[in-house]
Amino acid sequence: MDGMSDDMTFDVVVVGGGVAGLSGAMALGRSRRSVLVIDAGEPRNAPADHAHNYLGREGVPPLELLEIGRAEVAAYGVEVLADRVVGLSGEAGSFLVTTEGGRRVTARRILVTGGVTDELPDVPGLAERWGKDVLHCPYCHGWEVRDQRIAVLGTTPMAGHQGLLFRQLSDDVTLIVFDGVELPVEEVEKMAAIGVKIVHGTPQEVVTGDGDALVGLRLADGSVLERDAIVVASQPHVSVDYLGPLGVEPAPFEMNGVAYGSVVPVEPTGATSVPGIFAAGNATDISMTLIASAAHGVRVGAWINAELANEEAAAAVAERRGSLFERPAWEERYSGDKVWSGRVNVQLAAEAADLPPGQALDIGCGEGGDALWLAERGWQVTASDFAEAALARVTEHAAEAGVGGRVETRLLDVRTFEPDGETWDLVTAHFVHLPDGGMVDVVRRLASAVAPGGTLLVVGHAPSDVHSGLRHGHDSFMHTADQLLPALGEEWQVEVCESRPRTQAHPETGEEIAIADAVLRARLQG
Ligand SMILES: Cc1cc2nc3c(=O)[nH]c(=O)nc-3n(C[C@H](O)[C@H](O)[C@H](O)COP(=O)(O)OP(=O)(O)OC[C@H]3O[C@@H](n4cnc5c(N)ncnc54)[C@H](O)[C@@H]3O)c2cc1C
């Protein structure tokens with residue numbers, strides 16, 4: 001891709017553009033993620049002329065399949081860069097990816113799908129024919145050599161497995177057991193029973209004839225075993241040196257207790273041991289065929305998308321909580337137009353009307369409706385809030401109402417409030433809410449500010465209000481009155497602990513709707 005500027009940021013950089021990488025990019029691109037695939041262009045099956053067992057594209061040339069895939073992901077905005085990743089640093093949210101071509105891009109997540117590189121046994125002439133008539137997988141190219149003369153190179157004790165599966169395709173299979181390899185006796189018996197011949201000794205070389213046609217293998221004794229195809233168990237290794245500095249290390253891949261090559265270990269989600277780095281396809285499991293690698297890429301791409309979506313939602317929750325529970329938002333709220341009527345709260349009027357006036361502490365006083373009501377009834381009020389703008393309004397309103405002498409303001413945050421021995425005859429809090437049960441601690445703090453014989457009144461929106469259509473998503477901020485009781489010791493006499501129904505005009509429609517207040521009134525023994 002030309003025209004890509006340096007220092008770009010993507011949601012995900014995919015390292016490797018084989019079927020796993022492009023399929024992961026597809027899932028991510030279709031979820032509207034910004035994705036860059038960086039691909040060195042050497043898929044594992046490139047030496048083969050055709051790819052098999054890929055439903056819908058049976059027999060497609062390997063590079064053609066990827067060309068189709070690149071065009072498909074491009075339709076969803078995925079960018080593909082022909083380059084090789086050589087460096088990775090940083091951490092989840094801000095990885096820096098560097099390439100051989102000198103590109104530097106940042107990404108919130110990394111998907112490693114670089115596949116594996118096959119190491120072949122050291123038999124002269126073998127490597128040149130890899131993927132042509134030197135084969136490894138009965139499912140990839142077994143059908144194509146059916147009924148032919150096949151040699152299976154026994155380089156591990158598991159070689160009988162390949163003998164077994166290729167015998168399914170041809171009745172002329174010879175297993176050549178390399179020096180130093182011990183086939184288990186039951187495998188030897190199995191080969192004899194199904195008609196797989198066994199010879200011993202590491203072959204000397206691959207023998208070719210006219211036009212480089214395969215003739216066969218020169219065996220350890222110098223004789224030539226004529227063959228049409230040679231089957232070999234390669235050692236596939238993952239190359240992820242660039243992940244080393246971040247702590248992602250390859251590990252041996254085990255099948256039936258035998259170690260084959262190396263892979264990047266992953267969780268079922270594709271997560272590696274390093275947060276933010278995922279892997280899929282052959283890089284994680286050498287036994288995955290094309291379609292399995294593609295499927296894995298889609299699955300891991302989806303997990304990455306889910307992780308990013310959750311991360312974004314967590315940030316939105318934090319921002320929303322900030323707007324509900326943190327001081328700057330309330331300063332802003334009380335700095336604009338007046339936000340409420342100035343009337344006393346219904347439950348304060350109901351619960352405090354008969355109390356003899358004394359000293360009152362109004363917690364979360366806002367613009368001062370409750371404080372003024374109390375002052376007008378002879379109380380000496382400390383009106384408190386954590387927003388200075390609110391307190392300025394209380395002072396203004398108290399002066400206007402002629403009760404300035406009975407209302408003092410105090411800046412305090414209920415979450416850290418320590419009365420330090422100071423007490424009031426009435427401590428009242430209306431509609432102070434905190435997430436995750438935080439009000440119990442607050443009520444404990446408020447209770448410690450009540451004078452002997454005094455009253456604590458805490459009123460909140462009842463949890464049942466969420467069914468009214470108001471307070472959507474406030475569930476974890478609401479409490480019933482009795483959920484606050486653990487804050488009060490035995491010296492308290494609980495006088496009211498209930499959900500009290502009332503009605504309120506809907507803020508948008510003006511229609512009267514049924515709501516309820518959680519009311520807790522308690523008296524400290526005097
Ligand atoms: C000879 C042969 C024939 C096969 N035939 C078949 C078959 O017919 N059917 C079948 O189902 N399976 C077949 N397979 C298996 C098949 O090749 C794998 O299952 C498949 O390639 C795995 O896909 P992948 O996307 O995980 O890795 P790959 O296809 O190997 O793709 C990895 C890509 O990542 C790139 N890359 C690696 N490192 C970096 C880096 N640092 N930066 C950028 N890019 C990087 C590579 O160049 C490559 O393009 C065959 C395998 C072999 C060896």
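**Close-up 1. Helix α9 and its cover.** Helix α9, residues 369–376, is mostly covered in this predicted model, with seven of its eight residues buried. The buried residues are G369, D370, A371, L372, W373, L374 and A375. Just after α9 comes G378, which takes a positive phi of about 95 degrees.

**Close-up 2. V442 in helix α11.** V442 lies in α11, which spans residues 439–447. V442 counts as buried because 23 other C-beta atoms lie within 10 Å, where the cut-off is 20 or more. Residues up to four places away in sequence aside, V442 touches V414, R415, V432 and L434. D413 is 29 residues from V442 in sequence. In space, the two C-alpha atoms are 9.8 Å apart.

**Close-up 3. L456 in strand β24.** Strand β24 covers residues 450–461 and contains L456. With 27 other C-beta atoms within 10 Å, L456 is buried. Its contacts, leaving aside neighbours within four places in sequence, are V427, L446, A447, V450 and A522.

**Close-up 4. L456 and S335.** This view pairs L456 with S335, 121 residues apart along the chain. Their C-alpha atoms are separated by 30 Å. L456 is the buried residue of strand β24 shown in the previous view.

Key:
Residues are numbered from 1 along each chain as its sequence is written. This is a predicted model: local features need pLDDT of at least 70, side-chain atom pairs count only at pLDDT 80 or more; totals for chains, interfaces and linings use all residues. A residue is buried if 20 or more other C-beta atoms lie within 10 Å of its own, exposed if 12 or fewer, and partly exposed in between; C-beta atoms are placed from the backbone. Helices (H or I, at least four residues) and strands (E, at least two) are DSSP runs, numbered from the N terminus. Two residues are in contact if their C-beta atoms, placed from the backbone, lie within 7 Å.
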